[in-house]
Amino acid sequence: MDFSFSEDEASIQATVRRFGDEFLRPRERKIDEGDQVPREVAVEMGRIGVLAMPVPEKYGGMGASASQTELVAEEIGRADTSMATAVFFLLEAGWGYLLSKYGTEEAKQEVLPPVTRGDHFLGIASTEPSGGSDIANIHTQSWREGNEFVIRGEKAFISGAIEAREWGGGHLTITRQKDGPGYNLLYVPTRTAGVEVTRFKNMGRTGISTGGIHYDDVRVPAKYLLGKEGGGFPLCLQGFTVARDFVAAACVGAADRALEIGKEYIKVRSVFGKPLGQYEGIQFELADLHALLEAVRWQCRRAAWLIDQRIFSGKTSHDSEVDLAVAAVKLKAPELAFDAFKKVMMWHGASGYTKEVGLEMGLRGVTSYLVGAEGGLNVMRIIMGRELLGKEFLPYRS
């Protein structure tokens, strides 16, 4: 068992650490106060090669492993604690990977190169107004007419809705078959006739747009189908499994940044004649947070290793151990990040509540992963219960 980084992993991490420190951090507040991903951020990420990095080189990616991608997600969460850049990164990585694995050759050659350059946006459209984490209970329909699929329905709370409309690109959209029992996963360019986009306003993660997408008998060519007709549901689940580990890694990076800010402050802020860091009440909270951070960090890395061994390798499309490991880190990493920001804010007192310190930005950003983005925490508990006890203990019929 070797916990050291490979030469490639160390090089990638160092490159992204420089990008984070020198490029993202100076723009962090600008990103948080925007309403979509700054194009300069997308272009620079494309230039250094980290957009949709698991995509094979022939389509513009670097063919990166899940382990390498997880390291980059952690660094980006550490550099931009608003989580906006992290969301952008993990969408391109997780769903770019899925398209590269299951898309048609024609679609891959058309869609992926501009995504990896930062010219176009690629996201996932699964959540609907009636529900989110229950992906099987969707109402958006699709049916085939000749060499096209027709899509009718509505999606809600979709990241990158505005970027896809204004830059170009689109979303992998999960739909129920109108005349069959299955589901189709289709790439839908947002500029297609019949697609209407609306904007929502979030409390955090505001540097990437969130919106609704309405499909009014939208026609897309059959080349945009991923996998087999009717077989989209397991593909969508696989995409979420991969993306959730990158979410957790980004939350680990954000928590690490919160502790970095906190440690610097409690060393120099004096109260009643001595630094805050000399009080056991502060020291013990720091120790507990550090211990949890290291535990979750290495759980994330193990989950990424499992994804490499089982999913990225092509050995299987679904694995119980992978699902259990990923659900565990998606459950605990957002909670850890939220607690880290909350406690460090409290160490700062009144200044922690100001935007000048910047901790509120991280608190707002990671909250999105507490309340449901990429799967709510109780959904992660349901997944873990299923894998630990068996499907007969699910609270719903599988």
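Close-up 1. Trp95 is buried, with a relative accessible area of 0%; buried here means under 20% relative accessible area, exposed over 50% and partly exposed in between, with a 1.4 Å probe and protein chains only. Please keep in mind that this is a predicted model, where local features need pLDDT of at least 70, side-chain atom pairs count only at pLDDT 80 or more, and totals for chains, interfaces and linings use all residues. Residues are numbered from 1 along each chain as its sequence is written, and side-chain values use heavy atoms, with hydrogens and water left out. Searching the whole structure turns up 9 aromatic pairs. Rings of Phe, Tyr and Trp (its six-membered ring) pair if their centres lie within 6.5 Å, and planes under 30 degrees apart count as stacked, over 60 as edge-to-face and the rest as tilted. For Trp95 and Phe240 the ring centres are 5.0 Å apart and the planes stand at 80°, so this pair is edge-to-face. Trp95 belongs to helix H5 (residues 84–102) and Phe240 to helix H8 (residues 232–268), so the pair ties together parts that are 145 residues apart in sequence. Helices (H or I, at least four residues) and strands (E, at least two) are DSSP runs, numbered from the N terminus. Phe240 counts as buried too, at 7% relative accessibility.

**Close-up 2. Tyr97 stacked with Phe312.** These two residues form a stacked aromatic pair, 4.2 Å centre to centre with 25° between the planes. Tyr97 sits in helix H5 and Phe312 in helix H9 (residues 280–312), which links parts of the chain 215 residues apart. Tyr97 is buried, at a relative accessible area of 5%.

**Close-up 3. An aromatic cluster, and lysines over rings.** Phe88, Phe121 and Trp167 make up one aromatic cluster. A charge sits over a ring if NZ of Lys or CZ of Arg is within 6 Å of the ring centre and within 35 degrees of the ring normal. Lys178 lies over the face of Trp143, 4.4 Å from the ring centre. Over the face of Tyr279 you will find Lys274, at 4.4 Å from the ring centre.

Close-up 4. The structure holds 0 disulfides, a disulfide being a pair of cysteine sulfur atoms within 2.5 Å. For Cys236, the nearest cysteine sulfur is that of Cys251, 20 Å away. Cys236 is buried, with a relative accessible area of 0%. Cys300 is in no disulfide either, and its nearest cysteine sulfur, that of Cys251, is 8.4 Å away. Cys300 is buried at 0% relative accessible area.

**Close-up 5. Helix H8 beside helix H10.** The axes of H8 and helix H10 (residues 320–348) come within 8 Å and cross at roughly 25°. Axes are lines fitted to C-alpha atoms, for helices over the stretch in contact, and angles run from 0 to 180 degrees between N-to-C directions. H8 and H10 are therefore roughly parallel to each other; angles under 35 degrees count as roughly parallel, over 145 as roughly antiparallel, 65 to 115 as roughly perpendicular and the rest as oblique. Their crossing is left-handed, meaning that the near helix is turned anticlockwise from the far one by less than a right angle, while clockwise would be right-handed. Val344 has its place in helix H10 and counts as buried, at 0% relative accessibility.
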